[in-house]
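Trainee: Please take a close look at one part of this model, and state the cut-offs behind each term as you proceed.

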Amino acid sequence: PPLQYQNRLRHKDYLKIYHDAGFEVLEQELEMPNEQEQKNIKTIPISKEFLDKYTMDELIINGSWCILRKT
């Protein structure tokens, strides 16, 4: 919806952005859906555009945090 912005970048994309900007990831933690949520997510049709670029494990990450250091 227009009032609730959602970007389509995945954790893998952010790691590349950090690397390209000259940062090293010192620590990271992924927020993953529980087992039932994972089963539900895997029933949703996913565009070939995303399936060609990401694994299902990369697509189901709910969130993450990283500690970075400038290299």
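Mentor: A surface patch is built from residues that have over 30% relative accessible area and no salt bridge; nonpolar side chains (Val, Leu, Ile, Met, Phe, Trp, Tyr) are joined within 5 Å, and like charges within 9 Å. A salt bridge requires a side-chain nitrogen of Lys or Arg within 4 Å of a carboxyl oxygen of Asp or Glu. The model is predicted: local features need pLDDT of at least 70, side-chain atom pairs count only at pLDDT 80 or more, and totals for chains, interfaces and linings use all residues. Residues are numbered from 1 along each chain as its sequence is written, and side-chain values use heavy atoms, with hydrogens and water left out.

One such patch is nonpolar and consists of Leu 26, Trp 65 and Ile 67. Together these residues present about 260 Å² of accessible area (Shrake-Rupley method, 1.4 Å probe, with only the protein chains shown counting as cover). Leu 26 belongs to strand S1, residues 23-31 (a strand is a DSSP run of E with at least two residues, numbered from the N terminus). Leu 26 is partly exposed because its relative accessible area is 44%, and partly exposed covers the range between buried, under 20%, and exposed, over 50%.

Strand S1 also holds Gln 28. Its relative accessibility is 41%, which means that Gln 28 likewise counts as partly exposed. Gln 28 and Phe 50 are 22 residues apart along the chain, and 23 Å separates their C-alpha atoms.

Key
Helices (H or I, at least four residues) and strands (E, at least two) are DSSP runs, numbered from the N terminus. Buried means under 20% relative accessible area, exposed over 50%, partly exposed in between (1.4 Å probe, protein chains only).
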